[in-house]
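Subject: Structure handover

Hello,

Here is the structure I promised to pass on. Please open it alongside this note; my findings follow below.

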Amino acid sequence: ADGYYEYTMFECVYSTSDYSDMVYLASLSFNKDVYAQFNSTVGKFVGYTEFGVMNAEHWNKDQALVQGLKAAVDTICRPNAQVLDSSVRDKA
């Protein structure tokens, strides 16, 4: 109950069966408040608090990090969505 709670949530969000609208999100939270988020469509980190803005500016300077996260749509999201979607469709 006492203390602090920090976590990162990674999501692949899409609504079409061809995955053309797929977005990779990495949301960083502290005590349930999102302070920064990476969005593959925007292509950079966005800060939502003073602490988040400071970190987003720092992370956005690391082009290897940003490029790797942008690529996550193709390296993580699409392959996993194809496997998971096909297993769900086969059961229906």
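Which residues do ring pairs link into a cluster? They are Phe38, Phe45 and Trp59. Bear in mind that this is a predicted model.

**Aromatic pairs**

In total, the structure has 7 aromatic pairs. One of them joins tyrosine 35 and phenylalanine 51. Their ring centres are 5.1 Å apart. The planes meet at 55 degrees, so this pair counts as tilted. An edge-to-face pair would need planes over 60 degrees apart.

The two partners come from distant parts of the chain, 16 residues apart. Tyrosine 35 sits in strand E3, residues 33-39. Phenylalanine 51 belongs to helix H1, residues 50-60.

Their surroundings are worth a look too. Tyrosine 35 has a relative accessibility of 6%, so it is buried. Phenylalanine 51 has a relative accessible area of 45% and is therefore partly exposed.

**Positive phi angles**

Tyrosine 19 is not a glycine, yet its phi is positive, at about 65 degrees. You will find tyrosine 19 in the loop between strand E1 (6-13) and strand E2 (23-30). Its relative accessible area is 7%, so tyrosine 19 is buried.

Asparagine 31 is also a residue other than glycine with a positive phi, near 50 degrees. This asparagine lies in the loop between E2 and E3. With a relative accessible area of 32%, asparagine 31 is partly exposed.

Best regards

Methods
Residues are numbered from 1 along each chain as its sequence is written. This is a predicted model: local features need pLDDT of at least 70, side-chain atom pairs count only at pLDDT 80 or more; totals for chains, interfaces and linings use all residues. Side-chain values use heavy atoms; hydrogens and water are left out. Rings of Phe, Tyr and Trp (its six-membered ring) pair if their centres lie within 6.5 Å; planes under 30 degrees apart count as stacked, over 60 as edge-to-face and the rest as tilted. Helices (H or I, at least four residues) and strands (E, at least two) are DSSP runs, numbered from the N terminus. Buried means under 20% relative accessible area, exposed over 50%, partly exposed in between (1.4 Å probe, protein chains only).
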